[in-house]
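Walk through this model from the contact between its chains to the inside of one copy, and then to a single residue.

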Protein chains: 2
Amino acid sequence: MRLVTYREASGDRPAVVVSSPGGDRLLDLSAVTPRVEQILADESLLAEVRAAVETTDAATLPALESVALAAPVTPGKILCLGYNYRGHVPDGVDPTANDPEWPDVFVKTSNTLAGPDDAVAIPPGATDVDYEGEVAIVIGRRAQRVSIDDALSHVGGYTILNDVSDRAWQRRQSQWALGKCSDGFAPLGPWVVTPDEVPDPQDLLVEVVRDGVVTVSQSTSTTIFSVAFVIHHLSQVLTLEPGDVVSTGTPQKLPEAQEAHRPLADGDAVTVRISRIGELTTRFVSPLTPSTTGTPQEVHA
Amino acid sequence: MRLVTYREASGDRPAVVVSSPGGDRLLDLSAVTPRVEQILADESLLAEVRAAVETTDAATLPALESVALAAPVTPGKILCLGYNYRGHVPDGVDPTANDPEWPDVFVKTSNTLAGPDDAVAIPPGATDVDYEGEVAIVIGRRAQRVSIDDALSHVGGYTILNDVSDRAWQRRQSQWALGKCSDGFAPLGPWVVTPDEVPDPQDLLVEVVRDGVVTVSQSTSTTIFSVAFVIHHLSQVLTLEPGDVVSTGTPQKLPEAQEAHRPLADGDAVTVRISRIGELTTRFVSPLTPSTTGTPQEVHA
């Protein structure tokens, strides 16, 4: 199932996407629960939604494209992995030779969350904005010190996160927060796909298309740390709650895309598409207001 | 004024602390607003609370110590500064010579938030837990690209944050998240002191007492980045919202405390005291359950 949150004048509402010959339709679930994360955490609600999908006449439902989508869940925390895909190595070289022992983990703050229909405004001081297309795990059941074997049972579903960064700010400190946490720098969606439709999260093709050119194309089979390991690992250190998002890192751009790369600018659009999950297209727009500049010296003068 | 959030069976409630000859008393504010952060953001509510304090007979109020305190606010994000205090340098050496150009900023996730009466449970895998006593800014008014001159007008008040870290996890990756984000690793409080009682945030003495020994003692006059600069700076990159917490970094431990340092363990207590703000004592306790161990190799085997 594909679960979404859509925007209504009265507030955001949960819904499930119903396939039909005429295109995707929208079945409102606000009579079941106010929030998608509650469905992910509850087997009986999931069964109720499945039954509703099966008994509904899709032809009577509104088209999915008639509504604006919000981020499918509102995570209490967004944890992201740095380097997690192995690069291509020549024959005879061990591809695991440069694997780090542990994943590098960073946080995106709540103000970064954006829906699939939201444009990302490039902040005035962000001079080197870049995209990263990633498989994002949405936690279904609370995870605290779970074993690797049990880890996947805590997954509520999968979605797509574009880990937008300003490389200029990211490079200025040891910690990446200011490069990662501008408003709207975490477009998420368009939906959460339940795990029954993603039988093997280590067998998904992650692709990014920019200006009609495929710039990233790599399978999750080449990740260093599996979804199961990541959940196990994070849950040793902190408690993962329903709706939390764990983004599993980005594959490197293809060599020709690295050479052709230029920072994202007003009017650009980036599509992340992942097999079995879907695709997320994000538009980038100019900032509306100029930055107020200042340096540390000014305040100490 | 000192604003607190206290725990009641029916849920958390806001209150203001009223000084009296017999000790601090508690004036409930739940008739005014459900949350302290709403008071900080609203001049008319602040005036209403001030009037209530002045017209109340403190003798009729319950003692502050009769209630359990929660964190005074529930921040949408907790941003923290790394290195922000200058060390002592010999005569003739410029103390600003090693100043970084920009603050190093990292995030503590929502699960780290703890109240002043909560003990911190040391996670099973955390072998090198340490404290950092810090002045924490609580945002009052939304701040988006504010000038340095205007920055302090966005401060709702000041409180104390103990930026608890597990140095072992912190050292394992380039990014510090796993060392900083265990459950309860951000004790906050005991109250938010409104800015009228903190006329100069660059003239506060920050001290930490562990086992009866002062291990940190340094004035905020020695910070590299002032409160005004930090708010200005962060607000260029992201939007700060009412209730958000920005912790301004920790002074280094005194040389003898560095030598005597050992990781925090079951039964330890750490008190952070800051002039004009108050003091926050945090107890550390053993974990209740053992860790489920695992290595990346296990899952790829």
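**The contact between the chains**

The contact draws 47 residues from chain A and 45 residues from chain B. Two residues are in contact here if their C-beta atoms, placed from the backbone, lie within 7 Å. This is a predicted model: local features need pLDDT of at least 70, side-chain atom pairs count only at pLDDT 80 or more, and totals for chains, interfaces and linings use all residues. Residues are numbered from 1 along each chain as its sequence is written, while chains are lettered from A and ligands numbered from 1 in the order in which they are written.

The largest share, five residues, comes from α6(A). By class, this side of chain A has 21 nonpolar, 20 polar and six charged residues. Ala, Val, Leu, Ile, Met, Phe, Trp, Tyr, Cys and Pro count as nonpolar; Asp, Glu, Lys and Arg count as charged; the others, Gly among them, count as polar.

How are the copies related? The same surface serves both copies: 96% of the contact residues of chain A recur in chain B.

Of its 301 residues, 49% count as buried, with 20 or more other C-beta atoms within 10 Å of their own C-beta. Residues 24 or more positions apart account for 74% of the chain A contacts with a separation of 6 or more.

Ile231(A) gives a view of the inside. Leaving aside neighbours within four places in sequence, Ile231(A) is in contact with Ile137(A), Ala143(A), Val146(A), Ala151(A), His154(A), Leu240(A) and Val246(A).

Finally, look at chain B. Glu101(B) is found in the loop between β5 (78-81) and β6 (105-108) of chain B. Glu101(B) counts as exposed because it has 10 C-beta neighbours inside 10 Å; the limit for exposed is 12 or fewer. The C-alpha atoms of Glu101(B) and His233(B) are separated by 12 Å, though the two are 132 residues apart along the chain.

Terms used
Helix = DSSP H or I, 4+ residues; strand = E, 2+ residues; numbered from the N terminus.
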